[in-house]
Amino acid sequence: MGALSFQIALFFYLLAMLAAFFDLFKSTRILPKAAYMFVIVGFLFHTTNVVYSWFADGHIPIVNAHEATSFFAWCVFLLFLLLEYSYKLGLLGSFIIPIGFALTLVSSVLSSASKPLTPQLRSYWLGIHTFFAFMSSAAFALAAGLAFMYLVQEHHLKRKRLGGLFERLPSLQRLDEISYRLITMGFPLFTLAIISGSIWADNAWGSYLSWEPIQVWSIITWLIFAVVFHSRLLAGWRGRRAAVLSIIGFATIIIAFAGLALLQKGQHIF
Amino acid sequence: MKVLVAGLNHKSADVEVREKLAFSGDKLAPGLQGLKDLPGVKEAAILSTCNRVELYAHVSDPDGAKREIKRFISSFHSIPAGLLEGKTLYFHSGPDAIRHVFRVASSLDSMVLGEPQILGQVKAAFEFALEKKATGVLLNRLMKKAISVAKRVRTETRIAENAVSISFAAVELAKKIFTDLAGKTVLLLGAGEMAELAARHFMASGVKEIVVANRTLARGQELASEFEGKAVPFDEFKDEMLHADIVLCSTGAPDYVVLKPDVHAAMGKRKQRPLFLIDISVPRNIDPQVNSLDNVYLYDVDDLQTVVDSNRSERRKEADKAEMIVSEEVETFERWLDCLQSVPAIVSLRQRAEEIRKCEVQKMLNKTDLDEKERKAVELMASSIVNKLIHPPTAALKEDTGDRDQLIAMIIKLYGLNGGC
């Protein structure tokens, strides 16, 4: 039941991605709507799967590589739906759905074998730490998607290629603002994830930081977004530079996450 | 029962001729009355804009009416009839006239394809004629339909989308950088005519303030006062660039006035708020290298012209779709017109049959002595014979066939409908 609803979700995400992909080439009224509807249906099945696993595991379903990636994708689609609902930005789906779909697809091939949780991990900190970590990562994922849209649109404006996508993409200012808004939401959550993680580590293992790869990468990511966040206020780093940095920041999260899923060492073991 | 259009537009006549023949202001009411009073003209309406003068009439004999209208125009405007010879004045009648009216309202016949003003002008012309009671069933329907066709063209094609003038293209581009222009400041470098036109477009799009930096401060002040903006000495433009979001440059200087280091310095102080520079001067006044700076977007007059050209060709493509809509609507209108024409024939056929029935039943009742029941039976029989006999010709008249005019003529002749009882 849990596995089946995951497969159905993946199928609908695939349909959504195809609709969003063709939307890039041919402007119609139906394609963006179809993509949005497919995501909603996929998301409902995905939610069923997440809830099912939650009850089956007895805690937040992120303790094997499959579950963790799937939960990440779930957060991305959740934010996508919220964003699409509240802003209705042209072509948002074409840039964000592929990120969510890729995560779901990767998740579908990863191992779902769970080892029983060690006593240290079996703690309420598990829920708090991972919730902050995943929601902030999802916010950064969407910020990166919008930053990419910004770069595409900026390229059009600088090169004076003003047909096709240019007409349908939102204005630079809007992309920049919403991307920044996502970062202002993601950054405090990410900070909380790091703080809650270190308190938990201190409680469980007696030290705040053990220089695991994911901890190091997380600190790098945190620094990058701290730069995005503050340089905008102080030096007015906005637009292009902020966009490039947001994408780099998201890339470090993916590296950290991939390392976590593949290396399987240390406290963040599945 | 035909629609006749007589007119001239930007293609058929020069502005000198158009202004002589315009029915503008005080001339419109007497002109409309004069047209309505012409022999053979049953309904009338006049559309007079700076690009076209058109007279619409409901006539029964288009050829005769053409001569009358030509004579009327030359006498009304007291110009020699010779001026109207050749291509100046065009005439359309029947389906062509209907198509023409629809095309005009949909802006397919305009100088700038898809421009929005014409629809309002058509509406105003129609309302004026309606108010003066110059129109009737045919023109009322035609004008209402023209307006709805124009709206259909507007919604079903992209003919009115995309800017087709340089200043409007600049506004559209600005909206792709800044979400909306409310709260934005425009700095005009130079106070030329082009700058003024573009500033007007920006003002209409809701910018907060217009600042003019001109070499002659007086002229700058004059222009600024038109937009309730402020004027500054030209040398202060670098300071003003810190606050402005959009800079419109048209100084007429022979060389670059705005240099890369200036803009670079300004961007730092502006905390990288995006800056949109529009250089409509020839030779150019802003160093093209400026475009390579982050968050700076520079468009010169050629760039804007390219945008305009591609939008124009886009509109031409959309015009083909619009023509198809117009054709469809002309057909529908023709069908309605046909129905309308066959109505009198059907009515008089029925009247004639009723008269004969009453006449004959009465004759028969006078001669015989029937009781109530028998009388009813005879009357019933008579009306049923009449109905059955006139049903096929009525149905044929209502039917949508190509030779309706012939059919009407034939029925009138066969049943002696014009002869009376």
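**Two contacts in a predicted model**

Visitor: How many salt bridges are there across the interface of chain B and chain A?
Guide: This is a predicted model, and across the interface of chain B and chain A the rule finds three salt bridges. One of them joins R241(A) to D294(B), with the closest N and O atoms 3.6 Å apart.

Visitor: And which elements of chain B touch chain A there?
Guide: Helix 7 (166-177), strand 10 (296-300) and helix 12 (301-367) of chain B are the elements that give two or more residues to that side, and the residues of that side divide into ten nonpolar, six polar and eight charged.

Visitor: What area is buried between the two chains?
Guide: About 1,900 Å² is buried between chain B and chain A, with carbon and sulfur atoms giving 45% of that area. On the chain B side, K176(B), K271(B) and Y297(B) lose the most area to chain A, together 33% of what that side buries.

Visitor: Switching topic, what domains does chain A have?
Guide: The domain assignment gives domain 1 (1-114) and domain 2 (118-270), and their centres, taken over C-alpha atoms, are separated by 19 Å.

Visitor: How much do those two bury between them?
Guide: Domain 1 and domain 2 of chain A bury about 2,700 Å² between them, and 83% of it lies on carbon and sulfur atoms. F72(A), L79(A) and F95(A) supply 24% of the area that domain 1 buries against domain 2, more than any other three residues.

Visitor: Which residues form a salt bridge there?
Guide: The count between the two domains is one salt bridge; D23(A) pairs with R168(A), the closest N and O atoms being 2.7 Å apart.

Notes. Residues numbered from 1 in each chain as written. Chains lettered and ligands numbered in written order. Predicted model: local features only at pLDDT ≥ 70, side-chain atom pairs only at ≥ 80, totals over all residues. Heavy atoms only, no water. Buried area = accessible area lost by both parts, 1.4 Å probe. Salt bridge = Lys/Arg side-chain N within 4 Å of Asp/Glu carboxyl O. Helix = DSSP H or I, 4+ residues; strand = E, 2+ residues; numbered from the N terminus. Nonpolar A, V, L, I, M, F, W, Y, C, P; charged D, E, K, R; others polar. Domains from an automatic or database assignment.
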